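Thanks for asking me to look this over.

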Amino acid sequence: MTGTPVLARTREELAALLAPARAGGQSVALVPTMGALHEGHASLVRVARDRVADGPLVVSVFVNPLQFGAGEDLDRYPRTLDEDLKVCEREGVDIVFAPSVDEVYPGGEPQVTVEPGPLATVLEGSTRPGHFRGVLTVVAKLLGLVRPDVAVFGEKDYQQLVLIRRMVLDLNMPVEVVGAPTVREVDGLALSSRNRYLEGEQRQEAVALNRTLRAAREVAEYGVDVALDAARAELRRTVGVDLDYLVLTDADLGELAHDAPAGTEARILVAARVGGTRLIDNMAITLGSAPEHRQKDR
């Protein structure tokens, strides 16, 4: 399937569009999004296309109310379907699934949801209770509707990626979950739909998140404590960044021993508010690695 993407609004339309591919044994890829597509999303689409070649590539565009808490930005979250369709056409997407809330939640707020487990109570979950319940519930619905062979998610939302992988494992879902590297601006700011809320000096202040992660990575050869101290010191240099959390974990977001051996794959994660905008970022680092062997930014 190639050419201009077909817009599906209902489950029936989606099923009909995918039926020929299923009958022909083609692989199907899904990139779930909430719209307001940017180059970061486009990079996910390219990863998905590499995985399924000529099989149908589906991008879902759905602002999921179940993952927004009280006082969060559901109403002002950007909805730009016309522009999103142009991005999808440029990237060779076959089907854009853009359902209504009633289509995804036909009985209103669901009585049966996905319990995300203990990992959902820390980091993003500690400040956004119920968020990952909403995320995993809608992802489970989309996986059930599209039935993809491959689903691609960005590493920028790293806790989300880890939880989705856990859900797929625990619930025996027949899909390969692929994490795609974070795409950044030239100055290092991770691409996000929320970056459009940054005004004036806030945009410059926001780059401090990336500098903080890089500071930790630069001294990762000296261990956990030194890496965290360097990150905190870097963050203190910037006015206007209100820190939520800064943590160094193992690759699965588990606790990392202070005497973790050299070669341990780790993840440093940060969340902060810049003005009224809450931003998150993360980076993979290898503890005890010599400078010439440090891995590339992800």
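Leaving aside neighbours within four places in sequence, which residues is Leu143 in contact with? Keep that in mind for the first point.

1. Bear in mind that this is a predicted model. With sequence neighbours within four places left aside, Leu143 is in contact with Leu30, Pro148, Ala151, Met167, Val168, Met173 and Val175.

2. Now zoom out to the core around that residue. The largest nonpolar core has 42 residues, and Leu143 is listed with Leu14, Val58, Val139 and Met167 as having the most contacts inside it. At least two core residues come from each of helix H1 (11-23), strand S4 (95-97), helix H6 (131-146), strand S5 (150-154), helix H7 (158-170) and strand S8 (265-274). H6 is the top contributor, giving nine residues. As background, nonpolar side chains in soluble globular proteins tend to be buried together.

3. Next, look at how H6 and H7 pack. Their axes are 10 Å apart, at an angle of about 55 degrees. That angle is why H6 counts as oblique to H7, and the crossing is right-handed. On the H6 side you'll find Phe132, Val135, Leu136, Val139, Ala140 and Leu143, which meet Gln159, Gln160, Leu163, Ile164, Met167 and Val168 of H7. Sorted by class, this contact has 10 nonpolar residues, two polar and no charged.

4. Compare that with another helix pair, H9 (residues 208-218) and H10 (residues 224-236). Here the angle is about 155 degrees and the axes are 7 Å apart. The angle is over 145 degrees, so H9 is roughly antiparallel to H10. H9 passes H10 in a right-handed crossing. Ala208, Arg211, Thr212, Ala215 and Ala216 of H9 meet Ala227, Ala230, Ala231, Glu234 and Leu235 of H10. This contact divides into seven nonpolar residues, one polar and two charged.

5. Is Val104 buried or exposed? Its relative accessible area is 4%, so Val104 is buried, given that the cut-off for buried is under 20%. Not counting residues up to four places away in sequence, Val104 touches Phe62, Pro99, Val138 and Lys141. As for Leu171, that residue is 67 residues from Val104 in sequence and 20 Å away in space, C-alpha to C-alpha.

Methods
Residues numbered from 1 in each chain as written. Predicted model: local features only at pLDDT ≥ 70, side-chain atom pairs only at ≥ 80, totals over all residues. Heavy atoms only, no water. Core = buried A, V, L, I, M, F, W, Y, C linked by side-chain atoms within 4.5 Å. Buried < 20%, exposed > 50% of the residue type's maximum accessible area, 1.4 Å probe, protein only. Helix = DSSP H or I, 4+ residues; strand = E, 2+ residues; numbered from the N terminus. Contact = heavy atoms within 4.5 Å. Axes fitted to C-alpha atoms, helices over the stretch in contact; angles between N-to-C directions. Parallel < 35°, antiparallel > 145°, perpendicular 65-115°, else oblique. Left-handed = near helix turned anticlockwise from the far one by under 90°. Nonpolar A, V, L, I, M, F, W, Y, C, P; charged D, E, K, R; others polar.
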